[in-house]
Amino acid sequence: MTLKINALETRRFGMVCAGIDGMASQLPDLAEVNRQAQMQGVAMISVRVDVSALDRVHTLEADGYRLMDTLVYYNGNLAQDRPALSLPTGISFRVATPQDAEAVGSLARLCFKNYIGHYHSDPRLDSKAADAAYAEWAERSVRQVSARDPVFLVLQGDDIAGFLTTRTRADDAHEFVLNGVAPEYQGRGLYAALLNAAARMIDAEAQGQEPQALLSISTQINNYGVQRVWARMGLVHSQSFYTFHKWFTL
Ligand SMILES: CC(C)(COP(=O)(O)OP(=O)(O)OC[C@H]1O[C@@H](n2cnc3c(N)ncnc32)[C@H](O)[C@@H]1OP(=O)(O)O)[C@@H](O)C(=O)NCCC(=O)NCCS
């Protein structure tokens, strides 16, 4: 088990941030982790643990790790012959190109302002830097967009109203990663419509070659609205993870 410096978080928050490799499968030797953290000047360690691994959870708690959020994963069959949802007037969908990167980044900053994820939940992390983390993440996904990992947009006229980034995992599951609808367009069913359209477009692209393809999506446990949408899409809650932070600075 080794400490792994997280370069992205380190740059983002202006302090040395790290994770622990191998955390998913074994009880960590925290004395060794602490020794490595001191040697490398680590300010904060962030780890995710399956909620079922209570031995690991209790070991982390005893060592000063504090709970920051709980992530729930929903999975289901991608190919479900979903009918298209009816849309408000003027709404359309398209796949993003790298030229959309900046606009999607700005949109993500608005959607995820003061969000409920582990960065915003930690009072010791700057909330503006946490907002920026989501903007950067969304922008980078659009810049690196590919046929394997498309980003979908919902538009009102020419205006980008919402976005949904995806990635194809090593197990070939299609994961919907980061998604949001601009505050001024919320509450009109656009999120549900975007998910439905994205699933239909990926399914059509696969043209029946992946009949068993899995669709996977995650969020914080208290993000209730989106989970209602996922349940209606036939996805089921299948895994949960706690996120902990430990601080080494006063
Ligand atoms: C979550 C979000 C995408 C919803 O967008 P939206 O277009 O307003 O969603 P919809 O109109 O399709 O509504 C979806 C469901 O969420 C519910 N909902 C929307 N906003 C909500 C809120 N603030 N609190 C509770 N439920 C909410 C709606 O009531 C609806 O559920 P229902 O059909 O059972 O009534 C949008 O609020 C957002 O961008 N939030 C911040 C980012 C985020 O949470 N992204 C998703 C996880 S990565």
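The model is predicted, so local features need pLDDT of at least 70, side-chain atom pairs count only at pLDDT 80 or more, and totals for chains, interfaces and linings use all residues. Residues are numbered from 1 along each chain as its sequence is written, and side-chain values use heavy atoms, with hydrogens and water left out.

Let's start with Thr243, which is part of strand β10 (residues 236-247). Strands are DSSP runs of E with at least two residues, helices are runs of H or I with at least four, and both are numbered from the N terminus. Leaving out residues up to four places away in sequence, Thr243 touches Ser46, Val47, Arg48, Arg66, Leu67, Met68, Asp69 and His118 (contact means heavy atoms within 4.5 Å).

| Pair | What is compared | Distance |
|---|---|---|
| Thr243 and Arg48 | side chains, polar contact | 2.8 Å |
| Thr243 and Glu9 | C-alpha atoms, 234 residues apart along the chain | 15 Å |

A polar contact is a pair of N or O atoms within 3.5 Å; within protein, one must be able to donate a hydrogen and the other to accept it, and residues adjacent in sequence count only if both atoms are side-chain atoms.

Now for the helices. Helix α7 (residues 190-206) passes helix α8 (residues 224-232) in a right-handed crossing (the near helix is turned clockwise from the far one by less than a right angle). On the α7 side, Tyr191, Ala192 and Leu195 make the contact, and α8 brings Val226, Val229 and Trp230.

Definitions and conventions. Axes are lines fitted to C-alpha atoms, for helices over the stretch in contact, and angles run from 0 to 180 degrees between N-to-C directions.
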